[in-house]
Amino acid sequence: MDFGSPRHMARPETSWLRPLAEAVRAQRTKLGLTQQEVSVLAGCGPVFIYDVENGKKATLRLDKLLDVLHVLGLQLTLEPGQHRLRVSEPAS
């Protein structure tokens, strides 16, 4: 009998991560870095970079995410608002 194998368990909704994932991937590509290079520079594993860029996990370690954002020249900003997550467009 199969009691809760991963393929039968419901996956948490992670679509709210899509803007973050797209921003990280776009910036990494713009800088000409591979996922492997970013992982080395940020001190995390390449699987973490893959998970961030693909919105795979709704539970990312904040310290690692901040390290990745720093390497890419991005920042996380908190402000009052009604959006769960919002990615601002770069200033021109």
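**Salt bridges and a helix**

User: Let us start with Arg25: buried, partly exposed or exposed?

Analyst: Arg25 is partly exposed, with a relative accessible area of 30%. Here buried means under 20% relative accessible area, exposed over 50%, and partly exposed in between, with a 1.4 Å probe and protein chains only. This is a predicted model, in which local features need pLDDT of at least 70, side-chain atom pairs count only at pLDDT 80 or more, and totals for chains, interfaces and linings use all residues. Residues are numbered from 1 along each chain as its sequence is written, and side-chain values use heavy atoms, with hydrogens and water left out.

User: How many salt bridges does the structure hold?

Analyst: The structure holds three salt bridges. The term denotes a side-chain nitrogen of Lys or Arg within 4 Å of a carboxyl oxygen of Asp or Glu.

User: Which side chain does Arg25 meet in a salt bridge?

Analyst: Arg25 meets the side chain of Glu53, at 3.8 Å from N to O. Arg25 lies in helix 1 (residues 18–30) and Glu53 in helix 3 (residues 46–53), so the pair ties together parts that are 28 residues apart in sequence. Helices are DSSP runs of H or I with at least four residues, numbered from the N terminus.

User: What about Glu53 and Arg28?

Analyst: Those two residues also form a salt bridge, and the closest N and O atoms are 2.4 Å apart. This pair links distant parts of the chain, with Arg28 in helix 1 and Glu53 in helix 3, 25 residues apart. Both Glu53 and Arg28 are buried, Glu53 having a relative accessible area of 2%.

User: Changing topic: which residues of helix 2 are buried?

Analyst: In helix 2 (residues 35–42), the buried residues are Val38, Ser39 and Ala42. They cover an arc of only 100° around the axis, which puts them on the same side of helix 2; the arc is that of the directions from the helix axis to the C-beta atoms.

User: What is exposed on the other side of helix 2?

Analyst: Val40 and Leu41 are exposed there.

User: What covers the buried residues of helix 2?

Analyst: The cover includes helix 1, helix 3 and helix 4 (62–71).

Terms used: Helices (H or I, at least four residues) and strands (E, at least two) are DSSP runs, numbered from the N terminus. Contact means heavy atoms within 4.5 Å.
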